[in-house]
Every structure is written in structure tokens, then in C-alpha cells.
Amino acid sequence: MDCRHPLVPAVAGMLLVAGARVHAGEAGTPGPLQVTGGDFPALVMVVPGDHAGGSRDAMPGCDRIRARRLDELPPGWSSRVAQVELDCEEALADDAQQALTAVTARARSHADQVHLAGLPVLEVRLMDSSRWGDHQYVVDAPYEQAAPPLRRFLETACQARALVGEMQAPCTMVDTGDGLYLATGDTTGQWIHADPDHAGQTLYVEAWAD
């Protein structure tokens, strides 16, 4: 699957400024948080460290990366997430030319507290390094049930962005045989496909690779 995220920062998008603190407000009407894609919450943060030995743009090591506490999550998320889990590994890239820090963060939501296209989201999964990223919303519905409303939602959002010149049409998802794909740029797009590990779940995915 070769889908790429439209924004590829020097340091993975979910890793924010060192030591940054987010106070999550819960303003608004109680009810499920409505997500739209492209709005994944930051689940980890970089703690302050000594920059003297390297570039500020370099991916920090695992010793400087930690999961956010619930009260540090972005607005709207803290009361809707049960737990944030973090795995971090340091290894060489496939070409053995670059050291990589690979981060996998997961946030399990409380029941029926996060919705995408009217469907409940069970979990947020964010996988990042300086060379690739894969961001997912795990929808609590089988692919046959979830794909039609997710497709309508994404195509409608694409058409709205095309009208104001933020992206180019066409806005029709393509059935690849493995799922549905919508190109959002020359090398970027959005995927809907069945969760290979759970027949009753569907994945909405935004990903990129160097």
C-alpha cells in the first residue's frame, strides 16, 4: 500500500516542540467528538534535551519521547480517551545509512465517545519515523457496513475543498481490490480498508513514505 501523507515534516508530525504542554479544554456540547480525517491527536511529546550534539531537526531518541498524559491531550480528547500506550524503537533504515527512531502510539477511546462519519472510533493508531508515517482511526464496524458512509463522507469533504481551490478534483474513491483509495495529491491519499487483524473493524488510513 503506497499512500502518503500530504505533510512530511522533518520530525514526525506527532512529535511536537520539546517540552510543549497542551491543556485540553472540554468546551462545547457533551457528546461524541466528531473527527474528520487529517485531525489525528498528538499522543506523544518530546522532552527537553541537550541539542549540542546534533541537529534540532533530527528525530529525537526514545529516551526523549514519552506518551502524553490524558490531561496533556489536545482539546476534546482528554475525557474521551481511556489510555495512551507508546512503543519506541531505534534502528537503522533499510539502506543502513540513517539511524531511525520508530514510534508507535495508541489511544483507546471510551465507548461511543469518538465518531468518524457517524461511526464509532475505537482507537487512534499513530506510527511515525523520519522516513514514514501511518496514521489510523479504527472504526468499530465491519468493512461492508463502514465503507459506504466513510466513502460518502470523504468524497463530500473532497468536493468542498475542491470548490475553494484547496485540492483538485476528481473526488471519486477508487476500488483497488484491497479497499477504497482517494488521491489528495500526486503522492498522497486516503484509504479505507478492512482491519486485517479484526474482521469486525475498518481502518481509515493516512500514510506517507520517503
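In the predicted model, Phe40 has a relative accessible area of 15% and is therefore buried, since the cut-off for burial is under 20%. The ring of Phe40 is paired with that of Tyr204: the two centres lie 6.3 Å apart and the planes meet at 15°, so this pair is stacked. Phe40 belongs to the loop between E1 and strand E2 (44-46), whereas Tyr204 belongs to strand E12, and the pair thus links distant parts of the chain, 164 residues apart. Tyr204 also counts as buried, with a relative accessibility of 0%.

A pair of aromatic rings is described by two quantities, the distance of the centres and the angle of the planes. The count of aromatic pairs comes to four. One of these involves Tyr181 and Trp191, whose ring centres are 4.8 Å apart and whose planes stand at 45°, so the pair is tilted. Tyr181 is located in strand E10 and Trp191 in strand E11 (residues 189-194), 10 residues apart. Both Tyr181 and Trp191 are buried.

The largest nonpolar core comprises 35 residues, and those with the most contacts inside it are Val35, Leu43, Trp77, Leu116, Val124 and Tyr137. At least two residues of this core come from each of several elements, including strand E1 (33-35), strand E4 (81-92), strand E5 (99-109) and helix H1 (143-163). Helix H1 gives the most to the core, namely five residues. Another core, of six residues, lies apart from the largest one and has Val138, Tyr181, Trp191 and Val205 among its members. Beyond its neighbours within four places in sequence, Leu43 is in contact with residues that include Arg66, Leu73, Val84, Ala105, Val124 and Leu126.

Strand E8 is largely enclosed by the rest of the structure, because seven of its eight residues are buried. E7 and E8 run antiparallel and are joined by seven bridges; with three residues between them, E7 and E8 form a hairpin. Val121 has Val139 of E8 as its bridge partner. E8 also pairs with strand E12 (residues 202-209), in the antiparallel sense, over eight bridges. Here Val139 has Thr202 of E12 as its bridge partner.

Leu122 is found in strand E7 and is buried, with a relative accessible area of 16%. Its contacts, leaving aside neighbours within four places in sequence, are with Ala107, Arg108, Ser109, Val138, Asp140 and Gln201. The C-alpha atoms of Leu122 and Ala107 are separated by 8.6 Å, the two residues being 15 residues apart along the chain.

How values were computed. Residues are numbered from 1 along each chain as its sequence is written. This is a predicted model: local features need pLDDT of at least 70, side-chain atom pairs count only at pLDDT 80 or more; totals for chains, interfaces and linings use all residues. Side-chain values use heavy atoms; hydrogens and water are left out. A nonpolar core is a set of buried Ala, Val, Leu, Ile, Met, Phe, Trp, Tyr and Cys residues joined through side-chain atoms within 4.5 Å. Buried means under 20% relative accessible area, exposed over 50%, partly exposed in between (1.4 Å probe, protein chains only). Helices (H or I, at least four residues) and strands (E, at least two) are DSSP runs, numbered from the N terminus. Contact means heavy atoms within 4.5 Å. Two strands pair if DSSP finds at least two bridges between them. Rings of Phe, Tyr and Trp (its six-membered ring) pair if their centres lie within 6.5 Å; planes under 30 degrees apart count as stacked, over 60 as edge-to-face and the rest as tilted.
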